[in-house]
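Hello,

Here is the structure I promised to hand over. My notes follow below it.

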Amino acid sequence: MPQRTGERERCVTGIDGLDTILYGGIPRANTILLTGSCGTGKTSLALEFLIHGAVKGESSLFISVTENSEKLLANIIPYLFFDKSLIKSGRLVFIDLPVMYERLGMTKAELDMEEIDLLVAAIASLAKELGTRRLVVDSITSVCYKLRTSEKIRDFILKLSKALSDLDCTSILVSEVAAGATSYSMFGVEEAISDGIVLMANMERRGDLLRTLQVIKMRGTMHSRAKYVLDLTPVGVLLVPLLKGGSIV
Amino acid sequence: MTDVKMAQNLADQLGEISPSSAVSLQMSVDNYLEVLRGMIDLFANRRGMDTVYVTATISFEAIKRILQALDIDTSKIYFVDCISHIMMGASASQLDEHTTLVESPTMLENLMLKVEYLLRRSQAKEKLVIIDSINSLAIHNNNWILSEFLHILVSGLRAKEAYSIILSVEEHSTPELNNIVNLVCDQGLRASGKEV
């Protein structure tokens, strides 16, 4: 899609439907909250975002917090465009955050402000070293459990976003919410300070469970705010508009 | 008109339409076999097309059996079956890369997504999508959502330069349903005992 004058450079996600919804992609260096309850496809979408980047030659980094990255890779959708050489060549890197905690000596259940700075610096340093252009943290909610207070969560996300943005890195923070939750994040802070919110959900309609995606906010671009139904397939995430005639739950 | 002539006549008429076209094909129940032969064997297969066959009427297995009995090559047909799952009639062992199940004919968005997926995987130059049938989908969906579905589906298929054929069974059609189909189709064909 041609850029209009004054528009920000885009990070083309490679997910056709999403790029269309965002009028060309995520504004480069934005930090996005990808939020939803379990089983909505957040990790798959985030992974696809990184794989497309790696295929294009952009260094991509997945920071796994909840799941061991080996297990994650074992369960990955057999994407037709995924090649393990992306990992071998270092264009797609997986890091387990618990290992990073251990190396940084962060053994306490709750991180203090000093440790937050240390963690942000460690992630930024790694991203800089790898020349990372795309980054995913899955999930930011699990990190937030170690921060506990709203102040610390705000501080951590703001500092991390700033550090990654300075590196011209486009980031996705995966956020978990309970099914039927009315807010977009577990602690209510994450949503307010991210540049964009992409909400994924399970929508029940007459007994059918549909996976949906909706862009709630995205700084730096116009975007559709409609709800789309998605499918996770070997050719990637596919999206179609939710049919309105069936919107009566 | 003989059965063979009817099938050939249908194929000839389909051969005159251009890619991106949507055709409403109204048929009599009695002419189902000739319609299958005309659309798939004499039109799509002869032109090397990949066919995405969306079935909401009978299971993909039943259609496959019919096609095989008619000695029609099924190697370029990909089924999107919306009925086997709700009939609890599908098992994983029956599925292959030629068959995709949609849990229910009410999941019209998923139906579109499966068609999209198969078209993206297709390497064929020309592609045909058959909806069998609008009457069966109408059993499970109201006219409002059905109309919206057809509009989005057919518009998407046009953009991909795929041919689309929407089958309707004249014995079960209503003026409302015919209007919904006619609204999105460029051309209407009829396959009955008298003429095509």
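Two strands pair if DSSP finds at least two bridges between them. Strands are DSSP runs of E, at least two residues, and helices runs of H or I, at least four, both numbered from the N terminus.

This is a predicted model: local features need pLDDT of at least 70, side-chain atom pairs count only at pLDDT 80 or more, and totals for chains, interfaces and linings use all residues. Residues are numbered from 1 along each chain as written, and chains are lettered from A and ligands numbered from 1 in written order.

Start with β3(A). It pairs with strand β8 (residues 196-205) of chain A in the parallel sense, over 5 bridges. There, A:Gly36 has A:Met200 as bridge partner. Strand β7 (residues 170-176) of chain A also runs parallel to β3(A), joined by 6 bridges. A:Leu33 is bridged to A:Leu173 in β7(A).

Now the chain contact. Two residues are in contact if their C-beta atoms, placed from the backbone, lie within 7 Å. Chain A gives 15 residues and chain B 19. On the chain A side, β9 (208-218), β10 (227-233) and β11 (236-241) of chain A each give two or more.

Confidence: the predictor gives the complex an ipTM of 0.90 and a pTM of 0.92.

Best wishes
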